[in-house]
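My entries follow the structure below.

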Amino acid sequence: MNEGFTPLEGIDLNGNCVLLKIDYLFPTGSYKDRGATVLISKMKEWGVQKVVEDSSGNAGSAIAAYCAKTGIECDIYVPQYTSPGKLVQIQAYGATLKRVKGSRERTAEKAMEAASKIPYASHCWNPFFLHGTKTFAFEVWEQMDWRAPDTLVLPIGHGTLFLGVYMGFKELKEAGRIKRIPKLVGVQSASCAPLYQAFKKGWKETKQIEKRETIAEGIAIAEPVRGKQILEAIRDTDGEILAVTENEIGVALKEMGRKGHFIEPTSAATIAGLKKYLGKKRHKETVVSTLTGMGLKSAGKML
Ligand SMILES: *Cc1c(COP(=O)(O)O)cnc(C)c1O
């Protein structure tokens with residue numbers, strides 16, 4: 001759908017100029033199209049006729065849109081609590097919506113059961129999705145005149161953008177195009193922060209957490225399937241993980257609106273993390289972050 005190459009816009013935050021990749025401008029309104037276009041193209045190549053996917057909403061919309069484009073049938077499993085806008089969107093693309101009562105984890109279990117018979121177009125398990133999200137790194141590098149930023153601040157739920165960006169910069173380094181992989185800073189909602197906990201405690205893997213409700217529904221992942229890989233990427237780049245409160249997410253959401261960006265709360269969590277990372281000091285480093293999702297998707301939750 002001619003997706004990709006989203007703008008890289010400079011904005012002022014706490015007296016620092018940071019660059020934001022405007023990824024809510026993708027065809028389905030979130031960066032998930034980066035992964036979905038590659039994964040579904042692969043499925044098409046393999047002659048797959050039907051897929052299942054589970055999602056908190058945006059990955060489901062992206063998979064459904066690319067399935068519609070390629071003529072693949074799909075069943076999308078989502079938690080009952082998913083924003084109505086995302087549910088309408090998934091159905092508009094002609095996908096069959098399967099709403100599951102209970103947690104996001106319960107939804108994943110249901111999709112897994114279905115996936116014993118139907119190919120699983122999972123954004124978190126299928127590696128081809130990450131080969132799509134890594135285009136974020138290539139685009140930033142190109143838009144910065146073939147240079148890498150010093151630091152990237154990115155959301156982490158399952159870490160599909162985070163790991164794709166890591167892979168992209170790693171490939172650029174291995175190809176001798178950049179000297180070092182940028183420092184990767186991950187942001188989680190404090191209400192659901194298994195990776196933040198594991199990073200703080202120095203663990204190699206995540207452990208069970210007590211999950212509370214959060215307006216950042218897109219990153220409310222209690223059991224990230226690539227937790228170990230994410231923690232390794234953080235340590236490899238001398239990065240860190242930050243956790244942001246519901247209040248901080250709300251403040252960032254309003255602030256971005258006033259700057260002309262109507263984003264969804266999940267996306268505002270990243271900005272809250274970015275503000276936390278910048279703090280009060282002036283930074284010499286170049287920092288890149290992103291606006292991952294469009295506000296219209298979950299406008300109801302912002303009332
Ligand atoms: C999916 C999503 C994220 C986080 O992505 P993960 O792959 O789960 O880390 C962030 N923002 C939005 C808007 C999303 O849809």
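**Ligand site**

I started with Y31 and found one of its polar side-chain atoms 2.8 Å from an oxygen atom of the ligand. I count a polar contact as a pair of N or O atoms within 3.5 Å. The model is predicted, so I note that local features need pLDDT of at least 70, side-chain atom pairs count only at pLDDT 80 or more, and totals for chains, interfaces and linings use all residues. Residues are numbered from 1 along each chain as its sequence is written, and side-chain values use heavy atoms, with hydrogens and water left out.

A polar backbone atom of G157 is 2.7 Å from an oxygen atom of the ligand, and for G159 a backbone N or O atom lies 2.6 Å from a ligand oxygen. The ligand alone exposes 380 Å², and the protein buries 98% of that (Shrake-Rupley method, 1.4 Å probe).

I then listed the surroundings. The ligand has 16 residues around it, K32, N58 and T160 being among the closest (a heavy atom within 4 Å). I sorted this shell into five nonpolar, nine polar and two charged residues, with Gly counted as polar.

**Cysteines**

I searched the whole structure for disulfides and found zero (cysteine sulfur atoms within 2.5 Å). For C192, the nearest cysteine sulfur is that of C124, 13 Å away. Is C192 buried or exposed? I found C192 buried, at 0% relative accessibility (buried is under 20%, exposed over 50%, with a 1.4 Å probe and protein chains only). C17 is exposed at 58%.

Key. A polar contact is a pair of N or O atoms within 3.5 Å; within protein, one must be able to donate a hydrogen and the other to accept it, and residues adjacent in sequence count only if both atoms are side-chain atoms.
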